[in-house]
Amino acid sequence: MTAISATDLRKTYGDVRALDGMSVEVERGELYGFLGPNGAGKTTTMEVLTGQLRPDSGSAAVLGTDPTEEPVETRARVGILPEQLSPPSFLTPREYFDFVGRVRGLDDDTVAERAETWAERLGYTAKVDTLCADLSRGQQQKVMVTQAFLHEPDAVFIDEPLANLDPIVQERVKRFLVEYAERGNAVLVSTHNVEVAEDICTRVGIVTNGTLVAERSADELGEESLLDVFFEEVESAGSRDTPVLEG
Ligand SMILES: Nc1ncnc2c1ncn2[C@@H]1O[C@H](COP(=O)(O)OP(=O)(O)OP(=O)(O)O)[C@@H](O)[C@H]1O
């Protein structure tokens, strides 16, 4: 069953075509990897799909809602882990989760229980009452991962999930994402990390110049190297932002 779908999305900033006919679908139970060079349009697509940005044209559907027409409904139903955003500096993780829990309509006991499980899973129990301003980058990332899953959404949009995390925590997050998708949820992950995409994704889409230029399922990837596919597709599309490799 399709959980996330985008059809022919277009979005222009001045003379930059951030999205130029982007179409993608993610089924329930899929961990879909969005791979592409800098400026390819991955974040812009995720912003449209999560009701943060209106496209110039095209349509989108997420868990039965239309993020372009009913962004509040969409945002209430999905989890979002944006790239390089920190939790509020003036709150502790516990206070931040209480806040997120209220916005998401969770009761206090559920928030406390889930927050504790996450703090144990990612190893920051000792920091739950420390101001977020005083957490390391990696600890802040752990808090951001937690908030995305706090309401156990059926669809999750994640930009660079493993940024700043140590190798042990990276493994835990990877394993969690795989299990989360296996439970029937749809997970869309944007990353530059080809190895991670190859390792955990059930399907990968290669994005360049604001459009999807190739897709591979995990089975197909057993036969070929994702890095080779990536280079071939990006080079043949003449990516606007990627320098040509010499030699
Ligand atoms: N608010 C904005 N104003 C102007 N241009 C923008 C804006 N947001 C994105 N762009 C441009 O749109 C294009 C696509 O950007 P986007 O952030 O979607 O790429 P990305 O694939 O997520 O890149 P990266 O891998 O570097 O994070 C880029 O050329 C970017 O400069």
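**View 1. Strand E7, covered on both faces.** Strand E7 spans residues 186–191, and six of its six residues are buried. Here "buried" means that 20 or more other C-beta atoms, placed from the backbone, lie within 10 Å of a residue's own. Look at one side and you'll find Ala186, Leu188 and Ser190, while Val187, Val189 and Thr191 sit on the other. Strands (E, at least two residues) and helices (H or I, at least four) are DSSP runs, numbered from the N terminus. Keep in mind that this is a predicted model: local features need pLDDT of at least 70 and side-chain atom pairs count only at pLDDT 80 or more, while totals for chains, interfaces and linings use all residues. Residue numbers start from 1 along each chain as its sequence is written.

**View 2. The neighbours of E7.** Two strands pair if DSSP finds at least two bridges between them. E7 pairs in the parallel sense with strand E3 (residues 31–35) over five bridges, and Leu31 stands opposite Val187. Strand E6 (residues 155–159) also pairs with E7 in the parallel sense, again over five bridges. There, Phe157 stands opposite Leu188. To get from E6 to E7, the chain passes through helix H6 (residues 167–182), making a right-handed β-α-β crossover. Right-handed means that, with the strands pointing away from you, the path from the first strand over the helix to the second runs clockwise.

View 3. Which residues does Phe157 touch? Leaving aside residues up to four places away in sequence, Phe157 touches Met46, Leu49, Thr50, Val78, Ile80 and Leu188. Touching means that the C-beta atoms, placed from the backbone, lie within 7 Å. The largest nonpolar core has 63 residues, and among those touching the most other members are Phe157, Leu31, Val187 and Leu188. Such a core is a set of buried Ala, Val, Leu, Ile, Met, Phe, Trp, Tyr and Cys residues joined through C-beta atoms within 7 Å.

**View 4. A separate three-strand sheet.** This open sheet has the order E2-E1-E4, with antiparallel pairing. Strand E2 (16–27) and strand E4 (57–62) are the edges, each pairing on one side only. Nine bridges join strand E1 (residues 2–13) to E2, and one of the facing pairs is Ser5 with Glu25 in E2. Helix H1 (residues 42–49) lies across E1, E2 and E4, at about 120° to E1. That angle, on a scale from 0 to 180 degrees, is taken between N-to-C directions of axes fitted to C-alpha atoms, for helices over the stretch in contact.

Technical notes:
A residue is buried if 20 or more other C-beta atoms lie within 10 Å of its own, exposed if 12 or fewer, and partly exposed in between; C-beta atoms are placed from the backbone. Two residues are in contact if their C-beta atoms, placed from the backbone, lie within 7 Å.
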